[in-house]
Structure formats: structure tokens, C-alpha cells
Amino acid sequence: MDISKAIAELKKKPGFTEKVGMLLVHNGVVRGTQRQSGKPVDRLEIKPDLAKIEAICQELSQRPGIFSVTAKANSGTFVPGDDVLFIIVAGDIRENVVPTLADALNRIKAEAVGKAEHLTVE
């Protein structure tokens with residue numbers, strides 16, 4: 001996902017200027033160390049459930065004050081620094097947008113993305 005292009009397209013949608021006062025973007029990247037142990041990560045395999053991600057986005061887009069929730073999870077094998085998950089939430093005010101982004105991120109990672117870390121062999 002090209003974030004700038006995705007935002008530009010979102011801004012062209014009917015109702016955007018009337019309903020949106022805030023855009024939040026999440027850009028998840030592969031971390032160079034394992035979260036729990038701190039050991040170096042060589043690569044990360046990701047298998048997203050694209051239908052589930054779309055369903056989560058559609059559900060969260062129905063919340064009061066939310067104009068749009070979009071997400072793209074990349075699939076395949078990635079190395080530290082690679083982009084793996086993008087989420088854009090557009091809505092009226094921060095009290096609606098911030099928790100929606102947090103919920104989208106947490107639900108997508110918990111319900112719709114499988115991953116396997118491969119540690120660096122020392």
C-alpha cells in the first residue's frame with residue numbers, strides 16, 4: 001500500500017470533507033528482535049486472512065464518527081525493516097478515531113494474521 005496514494009484516494013470519496021477531521025495511519029514493520037526474548041530475528045513469515053481483515057474493517061467502519069477503516073497486510077517472508085501491515089482510519093474526532101485504530105490493529109493481529117519468526121542463528 002502506498003500510504004500517500006491511499007490517503008489521496010480516500011480524500012476523493014464523497015462526504016470526506018464533511019465527515020473527516022482526522023486520519024490515523026499504522027505502518028507495521030518487521031522488528032529486528034523477538035518481542036519476548038530480545039533475540040535477533042532473521043526473517044518473519046506472514047500469512048494474513050484477507051477476508052477476515054476486510055470483515056473487521058467493514059465492521060469497524062460502522063462505528064459512530066468513523067468514515068472509513070482500510071487495511072492491507074502483506075503476505076510472504078520479510079526481513080527486519082520491511083513493511084507488513086498498513087491501517088488507515090478516517091473519522092470525525094479523536095475520541096472516535098483513536099480507539100478504532102487501536103481496535104483494528106489488535107483485532108487484525110489477533111484474529112487475521114498468522115506469523116512465524118525465524119531467529120538468527122549465532
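Helices α3 and α4 pack at an angle of about 155 degrees, with their axes 10 Å apart. Here axes are lines fitted to C-alpha atoms, for helices over the stretch in contact, and angles run from 0 to 180 degrees between N-to-C directions. The model is a predicted one, in which local features need pLDDT of at least 70, side-chain atom pairs count only at pLDDT 80 or more, and totals for chains, interfaces and linings use all residues. Residues are numbered from 1 along each chain as its sequence is written, and side-chain values use heavy atoms, with hydrogens and water left out.

α3 and α4 are therefore roughly antiparallel to each other; angles under 35 degrees count as roughly parallel, over 145 as roughly antiparallel, 65 to 115 as roughly perpendicular and the rest as oblique. The crossing of the two helices is right-handed, a term used if the near helix is turned clockwise from the far one by less than a right angle, anticlockwise being left-handed. From α3, the contact (heavy atoms within 4.5 Å) is made by Lys 52, Ile 53, Ile 56, Glu 59 and Leu 60. The residues on the α4 side include Thr 100, Asp 103, Arg 107, Ile 108 and Glu 111.

Some of these residues also carry charge pairs. The structure holds 7 salt bridges, each being a side-chain nitrogen of Lys or Arg within 4 Å of a carboxyl oxygen of Asp or Glu. In one of them, the side chains of Glu 111 and Lys 52 meet at 3.3 Å, N to O. Because Glu 111 lies in helix α4 (residues 94–112) and Lys 52 in helix α3 (residues 50–61), this pair ties together parts that are 59 residues apart in sequence. Helices (H or I, at least four residues) and strands (E, at least two) are DSSP runs, numbered from the N terminus.

Glu 111 also forms a salt bridge with Arg 107, the closest N and O atoms being 2.9 Å apart. Both of these residues lie in α4, 4 residues apart, about one turn of the helix. Salt bridges that share partners join Lys 52, Glu 59, Arg 107 and Glu 111 into one network. Glu 111 has a relative accessible area of 38% and is partly exposed; Lys 52, at 29%, is partly exposed. Buried means under 20% relative accessible area, exposed over 50%, and partly exposed in between (1.4 Å probe, protein chains only).

Another salt bridge joins the side chains of Asp 42 and Arg 43, at 3.1 Å from N to O. Asp 42 is partly exposed at 38% relative accessibility, and Arg 43 is partly exposed at 32%.

Gly 65 lies in the loop between α3 and β3. Its relative accessible area is 29%, so Gly 65 counts as partly exposed. Leaving aside residues up to four places away in sequence, Gly 65 touches Gly 91, Asp 92 and Asn 96.

A search of the whole structure finds 1 aromatic pair. The rings of Phe 16 and Phe 67 have their centres 5.9 Å apart and their planes at 80 degrees, so the pair is edge-to-face. Rings of Phe, Tyr and Trp (its six-membered ring) pair if their centres lie within 6.5 Å; planes under 30 degrees apart count as stacked, over 60 as edge-to-face and the rest as tilted. This pair links distant parts of the chain, with Phe 16 in helix α2 (residues 16–19) and Phe 67 in strand β3 (residues 66–73), 51 residues apart. Phe 16 counts as buried, at 8% relative accessibility.
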